[in-house]
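Okay, thanks everyone, let me get the picture up.

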There are 2 protein chains.
Amino acid sequence: MREVAVVGIGMNKWGELWEKDLRDLYVEAALLAINDAGVDHVDSMYIGCMTSGLFNSQEHLGSLMADYLGMTPIPATRVESACASGGIAVRMGFMEVAGGFSDIVLAGGVEKMTDISGDGATFALATACDQEWEAYNGITFPGLYAMMARAHMKKYGTTREQLAMVSVKNHENGYHNPFAQYHLRPTVEDVINSVKVAEPLNILDCSPITDGAAAVILTTVEKAKELGKPIIKIIGVGQATSTIALHAREDIAGMDATRHAADMAYKMAGKKPEDIDVAEVHDCFTIAELVVMEELGFIERGKSGPAVEAGETKVGGRIPINTSGGLKSKGHPVGATGAAQIYALTEQLRCNMGVCQVEGAKVGLAQNMGGSGGSAVVTILEAES
Amino acid sequence: MREVAVVGIGMNKWGELWEKDLRDLYVEAALLAINDAGVDHVDSMYIGCMTSGLFNSQEHLGSLMADYLGMTPIPATRVESACASGGIAVRMGFMEVAGGFSDIVLAGGVEKMTDISGDGATFALATACDQEWEAYNGITFPGLYAMMARAHMKKYGTTREQLAMVSVKNHENGYHNPFAQYHLRPTVEDVINSVKVAEPLNILDCSPITDGAAAVILTTVEKAKELGKPIIKIIGVGQATSTIALHAREDIAGMDATRHAADMAYKMAGKKPEDIDVAEVHDCFTIAELVVMEELGFIERGKSGPAVEAGETKVGGRIPINTSGGLKSKGHPVGATGAAQIYALTEQLRCNMGVCQVEGAKVGLAQNMGGSGGSAVVTILEAES
């Protein structure tokens with residue numbers, strides 16, 4: 001298996017981008033990544049996108065994006081695993097390069113979520129849960145994550161304030177990210193007093209509806225050296241599934257797919273949780289970040305609330321999480337999020353994060369998941385010193 | 001790169017399956033494939049599906065299918081490239097085994113197309129063309145392929161009767177396939193007198209709306225030998241793209257993505273068109289089979305019509321095509337079609353095709369495409385003698 005490096009990254013300013021369509025968004029991020037890598041072609045492409053069929057009445061993104069990038073006839077494949085689509089696109093690109101099938105792969109993700117009217121986005125996102133057992137009966141994602149939050153609070157004593165502190169931290173980080181959708185600095189009180197969505201989650205506990213894209217260029221370490229780029233290697237990847245419906249899960253205060261994906265990635269990388277210097281995790285709701293911290297082994301089970309309260313996950317803390325602002329502040333164009341996590345970690349490992357730079361960061365971990373945790377992908381990056 | 005073999009195949013009887021849902025269809029085909037292979041687990045899974053979001057309000061098929069197969073936490077990824085989704089799922093599985101990432105992979109496809117009401121299926125399928133330039137302006141797939149037919153007729157003198165003969169041949173083959181949606185034996189006159197859809201294409205030139213799934217088990221040749229299965233190797237795969245919109249294509253009487261994908265597959269396999277004993281190609285409309293025969297190099301450009309008329313593509317002819325009945329007679333559950341082609345070729349190479357068996361068939365080729373040919377995947381199989 002060949003060693004793989006991230007040599008180029010690109011993303012747009014995320015938000016409600018009324019003047020851009022699906023193809024504009026992806027092409028822009030892809031060209032930025034290609035330009036950053038300094039390559040004159042790519043051999044293959046993976047596009048993560050959750051539901052452009054429902055959001056934009058457009059499937060067949062491989063052909064669409066290869067076409068609009070002027071890259072036909074290269075192979076181009078869209079992968080979908082709900083909100084884990086972008087992370088899985090990167091994993092597919094990794095396998096294609098590591099396996100020797102291609103030398104240079106463009107892997108990214110996109111979602112254009114604001115083209116749909118009324119409560120269309122809520123309906124479209126609900127296709128990530130079990131349609132027949134969950135969505136059809138009226139539950140949507142805030143409700144599912146609210147149940148997880150209640151379970152975690154009951155089982156481990158996690159407090160409402162600790163949930164809010166995740167939002168406050170991520171917004172503080174995102175305030176410094178020029179690409180983030182929001183540049184707000186809410187307080188714990190602001191979060192607790194914000195509009196209720198699904199008890200105990202308020203609007204400031206929820207990631208937003210976002211238009212955006214992100215892309216990375218993957219190649220061999222050998223080729224990365226030729227290109228004169230800093231060597232940021234992908235040293236571990238893992239992907240796993242769990243039940244699609246929350247009610248079928250053994251423990252709804254946990255997320256077993258993330259645990260399994262992390263185990264695979266740690267094993268491949270030869271690393272342990274304590275070796276990770278910085279992480280981007282899937283904080284679609286504040287509770288998700290807490291549960292995920294535990295499943296990744298960053299903290300003992302049930303202790304994530306107090307750890308956030310103690311500042312362990314802030315920049316400068318023991319294990320800084322979501323220094324890019326996370327899904328909460330940066331935004332969550334669902335298919336793009338996983339690729340944007342790799343963007344953010346690469347910036348960290350290149351020491352480009354400004355006030356959010358984690359000093360001496362060498363090893364970063366990205367955790368991206370779909371649905372209520374029914375799929376997860378974990379990627380570990382390491383900067384060659 | 002490790003050698004890869006198809007050791008298990010499964011599919012349902014296709015048709016309008018009102019009593020089965022999306023997950024039922026896929027799980028049934030997958031279990032049949034697993035049973036056929038005689039394996040007790042799989043390491044990973046790829047699911048080809050075009051637009052379960054629009055057809056069934058259900059995305060996130062990786063989690064859904066791993067869950068309902070009782071296979072969590074294995075990695076499970078849905079791939080989409082319109083009607084080429086199933087073929088691409090098999091290519092992904094091939095890369096995962098060949099690259100040494102997994103030993104046993106389940107690759108398949110599914111589409112449940114009859115759950116949508118009114119003209120919903122036509123709308124859903126149109127998301128495979130360019131929404132902004134084509135679908136929005138009212139054209140749908142029969143119209144796009146009708147333009148290709150007109151161009152081929154004008155440029156090469158292909159006749160209406162020759163188009164009809166593709167349908168007659170495929171229905172004759174499908175008549176003997178117990179899994180086929182239709183067991184009809186139309187004549188050339190029947191096709192020509194059937195309901196007009198888009199001049200010159202009539203209803204009997206068009207593949208139908210179908211519910212169905214198909215799946216295959218891929219493993220190393222070494223493991224296939226341990227399992228005591230006939231060794232059917234995947235010796236070549238190719239995937240390519242073209243413009244998503246037909247108007248942007250250099251020649252609408254050709255399909256360049258298929259040509260490029262075939263070039264890749266032939267090169268990897270070390271084979272030429274004349275080495276192929278039997279083929280399954282993407283006859284979504286009768287004209288498609290003619291154009292594809294030319295792009296695969298089975299016949300000189302512009303000569304496909306006379307070749308069909310001369311019986312060259314019948315069972316017993318020079319290069320039998322769509323001995324399973326093809327999309328026309330077997331049905332076209334869009335995400336499943338590419339996987340079902342591998343099913344059919346494996347049956348040929350195992351000498352299980354009964355009256356449609358091609359005597360002495362050793363090398364088979366599958367060609368699966370999306371949209372109006374904006375993406376294509378070609379797979380070459382060889383039976384070890």
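**Interface, pockets and cavities**

Let me start with the inside. By class, the lining of the largest cavity has six nonpolar, two charged and no polar residues (nonpolar here is Ala, Val, Leu, Ile, Met, Phe, Trp, Tyr, Cys and Pro; charged is Asp, Glu, Lys and Arg; polar is the others, Gly among them).

Quick housekeeping. This is a predicted model, where local features need pLDDT of at least 70 and side-chain atom pairs count only at pLDDT 80 or more, while totals for chains, interfaces and linings use all residues. Residues are numbered from 1 along each chain as its sequence is written, chains are lettered from A and ligands numbered from 1 in the order they're written, and side-chain values use heavy atoms, with hydrogens and water left out.

So, the chain contact. On chain B, 62 residues are in contact with 61 residues of chain A, contact being heavy atoms within 4.5 Å. The size of an interface is often given as the accessible area lost when the parts come together. Here the two chains bury about 4500 Å² between them, 53% of it on carbon and sulfur atoms; that's the accessible area, with a 1.4 Å probe, that the two parts lose on being put together, summed over both.

What holds hands across it? The rule finds four salt bridges across the interface of chain B and chain A, each a side-chain nitrogen of Lys or Arg within 4 Å of a carboxyl oxygen of Asp or Glu. One of them to look at is Glu80(A) with Arg78(B), at 2.9 Å, N to O.

Helices (H or I, at least four residues) and strands (E, at least two) are DSSP runs, numbered from the N terminus. By class, that side of chain B has 28 nonpolar, 24 polar and ten charged residues.

On a 1 Å grid over the protein atoms alone, a cavity is a set of points where a 1.4 Å probe fits but cannot get out; a pocket is an open set with protein on both sides within 12 Å along at least five of seven lines; lining residues have an atom within 4 Å of a point. Points are joined across faces, edges and corners, and a volume is the space filled by probe spheres set on them.

The whole structure has two cavities of 30 Å³ or more. The largest cavity is about 50 Å³, and Tyr46, Met92, Met95 and Glu96 line it from both chain A and chain B. Helix 4 (85-98) of each chain gives two or more residues to that lining.

The largest pocket is about 660 Å³. It's lined by 35 residues, with Leu125(B), Pro142(B), Ser207(B), Pro208(B) and Ile209(B) nearest its centre. Helix 5 (120-126) of chain B gives the most to this lining, with five residues.

The second largest pocket is about 570 Å³. Of its 26 lining residues, those closest to the centre include Leu125(A), Ser207(A) and Phe285(A), and 19 of the lining residues are nonpolar.
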